[in-house]
Amino acid sequence: MKKIIIIANWKLNGNKALVNKFSKYFTSNIIKYLKNNIIIMSPPVIYIEQMKKLINNKKIFFASQNIDYHETGAFTGELSANMIKEIGIKYVILGHSERRENHNENNKLIAKKFNSIKKNKIIPILCIGETKKEKKLGLTDKVLKKQIDSIFLKCGKLAFNNSIIAYEPRWSIGSGKTASPNLINKILKIIKKYILKNSFQDIKVYMQYGGSVSCDNIKNIINQKYVDGVLIGSGSLNFKNFKKMIKISSKLKI
Ligand code: PGA
């Protein structure tokens with residue numbers, strides 16, 4: 001049976017009180033549904049230690065929402081991959097469209113971050129996705145392949161071994177509009193095959209979908225053959241909804 005990887009991206013949300021409530025709810029109500037799920041929590045980095053202590057379960061993993069590609073030095077306000085590794089973080093989200101848009105992160109910069117993440121033996125969760133305009137122009141595959149190619153170029157042909165790719169169409173993030181399960185499956189298949197073909201070896205790469213995932217659509221999304229999991233933004237902040245989604249996912253029989 002396939003295990004579903006569920007990533008909770010809290011973005012710039014939460015505070016100590018929410019972490020406290022969420023973690024307590026998590027231990028008493030959610031932990032029991034872990035059997036078929038791999039849960040990766042990504043609150044803002046400063047709350048990770050608090051959440052980790054409260055949940056206190058080795059099967060729950062944590063992700064940073066960003067890193068700087070430098071290891072150390074005069075880079076005020078930044079955190080490096082080796083620093084987040086030191087506090088037990090095993091994953092990093094990068095290439096998220098909110099960072100591409102709000103922080104002008106381009107493919108070249110994202111590839112440098114990917115490189116630093118891999119060098120530090122952390123698992124990258126690379127977000128890729130097209131804009132509404134690119135979709136309208138029929139450029140989706142081209143845009144996604146370009147985002148993938150920049151990583152190959154910087155990190156070599158085995159770059160994607162043991163990594164997660166999250167297809168997150170920009171038009172679906174936070175909009176309530178999800179790509180249809182068929183389309184998600186089709187795109188994930190194209191990207192996975194493209195990565196495998198260019199890796200020249202049988203590597204392990206896991207495919208996710210993200211963008212307005214909710215209690216109503218999660219079942220049909222994770223039921224798709226090429227979907228290994230979902231990246232949930234706003235839906236992961238409400239712990240009752242989050243539990244519902246994990247419960248649905250735990251019942252999946254693939
Ligand atoms: P959303 O965000 O679930 O709120 O659409 C997903 C994401 O940004 O990863």
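1. Starting with the ligand: the shell around it splits by class into two nonpolar, eight polar and two charged residues. Keep in mind that this is a predicted model.

2. Who is in that shell? The residues around the ligand are Asn-9, Lys-11, His-96, Glu-168, Ser-172, Ile-173, Gly-174, Gly-211, Ser-212, Leu-231, Gly-233 and Ser-234.

3. Now for the contacts themselves. The side chain of Lys-11 puts an N or O atom 2.7 Å from an oxygen atom of the ligand. Glu-168 has a polar side-chain atom 2.8 Å from a ligand oxygen. With Gly-233 it is the backbone that takes part: one of its N or O atoms sits 2.9 Å from an oxygen atom of the ligand. As for cover, the ligand taken alone exposes 280 Å², and the protein buries 98% of that.

4. Searching the whole structure turns up one cavity of 30 Å³ or more. The volume of the largest cavity is about 50 Å³.

5. What lines the largest cavity? Its lining is made of Gly-95, Ser-97, Arg-100, Cys-127, Ile-128, Gly-129, Gln-147, Glu-168, Arg-170 and Ile-173. Two elements, α4 (97-102) and β5 (123-128), each give two or more residues to that lining. By class, the lining has three nonpolar, four polar and three charged residues.

Methods: Residues numbered from 1 in each chain as written. Predicted model: local features only at pLDDT ≥ 70, side-chain atom pairs only at ≥ 80, totals over all residues. Heavy atoms only, no water. 1 Å grid on protein atoms, 1.4 Å probe; cavity = no way out; pocket = protein on both sides within 12 Å on 5 of 7 lines; lining within 4 Å. Points joined across faces, edges and corners; volume = space filled by probe spheres on them. Helix = DSSP H or I, 4+ residues; strand = E, 2+ residues; numbered from the N terminus. Nonpolar A, V, L, I, M, F, W, Y, C, P; charged D, E, K, R; others polar. Near = heavy atom within 4 Å. Polar contact = N/O pair within 3.5 Å; in protein donor to acceptor, adjacent residues only side chain to side chain. Areas by Shrake-Rupley, 256 points an atom, 1.4 Å probe, with all protein chains shown as cover.
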